[in-house]
Amino acid sequence: MGFLPFVLPFAELEVGQQLYWQIGNFRIHGQVFMTSWLLIGALLALVVIGTKKMERDPRGVQNLLEFLWDYIRDLARTQIGEKVYRDWMPFIGTLFLFIFVSNWGGALVPWKLIKLPSGELGAPTADINTTVALALLVSLSYFYAGLSNKGLRYFEYYVHPTPIMLPFKIVEDFTKPLSLSFRLFGNILADELVVAVLVFLVPLVLPVPVMFLGLFTSAIQALIFATLAAYYIGEAVEEHH
Amino acid sequence: MPTLFLFGASEGGLFDFDATLPLMAVQVVLLTFILNALFFKPVGRVVEEREDYVNTSRSEAKKKIAEVELLEAELKDQLKEARLAAQKVILEAEVDSDNLYKEALALANADANASREKARREIDSQRNDALNQLKSEADNLGNLIVERLLAKK
């Protein structure tokens, strides 16, 4: 990036550089865990503050928590169905809250002010490991939901209208986590990159609307991920007649 | 150049899978259990308790409204009956007073007639008396005049 006469200290593009932590024989991406711990800590702090003294007439943070709870319940109930949504509500809610907090935390907190020896802090969901982990958890959950609710009859789903569907449904089991993880990863990473490039090119004013668009995208992506996860679980536990 | 890091590089890159993946999965599962204990269960309990409370309050209120409506109807009936009774009493009283008035009037008329009759009769008798007296006096005077005239002769 030496072709510009001046380079602002925070307007540098770093893509795909990681801060490695060595644990035994394994290596992990330190910056992902640092931000995720901070954001999970903030989320848990909010939850603890809001549930400390709950009353029948909600006040303060309790209102926000109840709004979130209601929102997540509606999401889970419409996608999964009245019968088993209670079992899956915590999982769907955690996915939603974790992704939402990660996306917004990545966009709102000025991480660039903290210098790392390698890589940079950002949204944990802009790392492919995180999104694939989440997507695989969703896959495991819908298999578990289907098998625990219907036993081996779950596999009727693969030949449901006709046996011709079998190959498509098997392919679906692979495309579901693939599309879930790449959608989230792509959107969040693209948003960070667009903002970074704009800040690099035009450091004033112009990036702001894109940042707002990024916040919007981040919220939508959290909602989409949670809704699709709930939909897959709902599809697995649905009774065919 | 950023593109160098995108694919294939053994160090770094956008698609750099390592132990972050399973660790993150474990972390999210743990977070699910923690949030279930700290957030979903307690908040759900409070919200559902409130929903129950609102529902029972509402059904109680509905029951009370029904009771009130029943009472209102009863009271309205009572009011109507009372009104009818009052009207009847008023009517009776009016008839009574009318009768009393008529009776009193008739009595008074009779009294008046009787006393008038009595007075007339008294007047008549006194007039007759007076006339008789006058007649006798005139007769006396006549006799006197006649006597006197006869005596002069």
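**Figure 1. Order of the secondary-structure elements in chain A of the predicted model**. Read from the N terminus, the elements of chain A follow the order β-β-α-α-α-α-α-α, which amounts to 2 strands and 6 helices. Taken along the principal axes, the box filled by the C-alpha atoms of chain A comes to roughly 70 × 50 × 40 Å. Chain A has 241 residues, of which 37% count as buried.

**Figure 2. The hairpin of β1 and β2 in chain A**. Strand β1(A), residues 20-23, pairs with strand β2(A), residues 26-29, in the antiparallel sense, and 4 bridges connect the two strands. Within this pairing, the residue that Trp21(A) stands opposite is Ile28(A) in β2(A). The hairpin leaves 2 residues between its strands, and Gly24(A), which lies in the turn, has a positive phi of about 60°.

**Figure 3. The crossing of helices α2 and α3 in chain A**. Two packed helices are described by the angle between their axes and the distance between the axes. For α2(A), residues 61-80, and α3(A), residues 85-108, the axes come within 9 Å and cross at roughly 125°. The two helices are therefore oblique to one another, and their crossing is right-handed. On the side of α2(A), the residues that take part are Ile72(A), Arg73(A), Leu75(A), Ala76(A), Arg77(A) and Ile80(A), and they meet Tyr85(A), Trp88(A), Met89(A), Ile92(A), Gly93(A) and Phe96(A) of α3(A). Sorted by class, this contact of α2(A) with α3(A) holds 9 nonpolar residues, 1 polar residue and 2 charged residues.

**Figure 4. The side of chain B that touches chain A**. Contacts between the two chains involve 34 residues of chain B and 39 residues of chain A. Helices α1(B), residues 3-6, and α2(B), residues 20-152, each supply at least two residues of the side of chain B that touches chain A. Of the elements of chain B, α2(B) gives the most to this side, with 23 residues. By class, the residues on the side of chain B that touches chain A divide into 24 nonpolar, 7 polar and 3 charged.

**Figure 5. Helix α3 of chain A against helix α2 of chain B**. The axes of α3(A) and α2(B) come within 9 Å and cross at roughly 105°, and these helices are therefore roughly perpendicular to each other. From α3(A), the residues Met89(A), Pro90(A), Phe91(A), Gly93(A), Thr94(A), Leu97(A) and Phe98(A) meet Val28(B), Leu31(B), Thr32(B), Leu35(B), Asn36(B) and Phe40(B) in α2(B). In this contact of α3(A) with α2(B), 9 residues are nonpolar and 4 are polar, while no charged residues occur. Met89(A) and Gly93(A) are among the residues of α3(A) that meet α2(B), and both are also listed in the contact of α3(A) with α2(A).

**Figure 6. The surroundings of Ala104 in chain B**. Ala104(B) belongs to helix α2 of chain B. Because Ala104(B) has 10 C-beta neighbours inside 10 Å, this residue counts as exposed, the cut-off for that class being 12 or fewer. Arg116(B) stands 12 residues from Ala104(B) along the chain, and the C-alpha atoms of these two residues are separated by 18 Å.

Note on methods. Residues numbered from 1 in each chain as written. Chains lettered and ligands numbered in written order. Predicted model: local features only at pLDDT ≥ 70, side-chain atom pairs only at ≥ 80, totals over all residues. Contact = placed C-beta atoms within 7 Å. Nonpolar A, V, L, I, M, F, W, Y, C, P; charged D, E, K, R; others polar. Axes fitted to C-alpha atoms, helices over the stretch in contact; angles between N-to-C directions. Parallel < 35°, antiparallel > 145°, perpendicular 65-115°, else oblique. Left-handed = near helix turned anticlockwise from the far one by under 90°. Buried ≥ 20, exposed ≤ 12 C-beta atoms within 10 Å, placed from the backbone. Pairing = 2+ DSSP bridges.
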